[in-house]
Amino acid sequence: MTRSTVFTPFDIVEGDRKKGVVLLADHARRDLPDEYGSLGLPASEFDRHIAYDIGVETVTRELAATLDVPAVLAGFSRLLIDPNRGEDDPTMIRQLYDGTVVPGNYPITREERERRLDRFYRPYHDAVGAMIASVAHASGKAPFILSVHSFTPAMQGFVRPWHVGVLWDRDDRVARPLIDMLAEDKSLVVGDNEPYDGALRGDTMFRHAIVNGYAHALIEIRQDLIADRAGALAWAERLAPIVDAIDRRPDIHQVKMFGSRTGPV
C-alpha cells in the first residue's frame, strides 16, 4: 500500500483511441489517502485480495501497451469504496470482508459514505465514461470494453479449478469468442461466468456497457498465475492476440441492446 497527500482516484494509460478499445481495471490499486490511515488494519491485510486484485495492474498496463489502446485504472483500494458496485449496493463499503473486520468502515455515517462517493467512486466513473465517449468519438464507432480482474485460488474452503473466467450478462459478443479462444489452450480450465456471475446490476459493465449497448466482457484471472511480473506479462502476451482478433469481428463495434438478467435496463 502507498499513500500520498496528493491522491488521484484514477490513472489513465494512453493509447490509440481510434482503435475503438477501452481497458478497465476497477481493482488495480490498494492505495489510500493519508487521511484514512490504514482504515485500522495491519499492513498485511493490504497484501491480500480484499484490498485489490493482485496482478491486475501489470496485466492491464502491459496489455494496453501491447495493443496500443487506452486504459482507465482505479487509484484506490476497494476497502475504501468498491467502484465495481452500484451506488445502492450494501457491499460497496465493506465492514467485514473475507473474515476481516474493517474498523475504518464501521460504523460509517451517511455523510462519510457520500464523501467517498464524491471524492473517489464518482470521479473514477466519470473518467471511465469520458474515456469511452472519447474513444467512440475518435474511432467513429461503438467501443469494445474489456474489464480486467483477478480472483483467489480458493474461497471459503473451496479450491477453484479455473485458471481464468469470463463474466457476462446477456451480450455474448465478446464473451463467447473470448471463452472459445482461451479454451483452445488445453492446459487451461476456462470458466463461463465463473467464479462469479457477470449479471450484477449497477456494476461497471452494467453502468458503462450494458445500458449503452456496447460489446464487453469482464475477465477474471487466477491470482497465483499473475502475482509476479513474469506471470502478469505472460498473461498480457496471451490475451493480446485474442483481444485483437475479437476487436476485428464485424459485430463488435455496433450498438446492440441485449438487456440484462437483473431486470429492465
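A salt bridge here is a side-chain nitrogen of Lys or Arg within 4 Å of a carboxyl oxygen of Asp or Glu. One of them joins the side chains of Arg 238 and Asp 185, at 2.8 Å from N to O. Arg 238 lies in helix H6 (residues 229-247) and Asp 185 in the loop between helix H3 (175-183) and strand S10 (190-192), so this pair ties together parts 53 residues apart in sequence. Helices (H or I, at least four residues) and strands (E, at least two) are DSSP runs, numbered from the N terminus.

Some notes on the source. This is a predicted model, where local features need pLDDT of at least 70, side-chain atom pairs count only at pLDDT 80 or more, and totals for chains, interfaces and linings use all residues. Residues are numbered from 1 along each chain as its sequence is written, and side-chain values use heavy atoms, with hydrogens and water left out.

The structure holds 25 salt bridges. Another is Arg 85 with Asp 82, whose closest N and O atoms are 3.8 Å apart. Are these two residues buried or exposed? Both are buried, meaning under 20% relative accessible area, with exposed over 50% and partly exposed in between (1.4 Å probe, protein chains only). Arg 238, by contrast, is partly exposed at 29%, and Asp 185 is partly exposed at 27%.

Now strand S11. Seven of the seven residues of S11 (residues 216-222) are buried, so the strand is largely enclosed by the rest of the structure. S11 pairs with strand S6 (residues 144-151) in the parallel sense over seven bridges; pairing requires that DSSP finds at least two bridges between the strands. With strand S9 (residues 164-167), S11 pairs in the antiparallel sense over four bridges.
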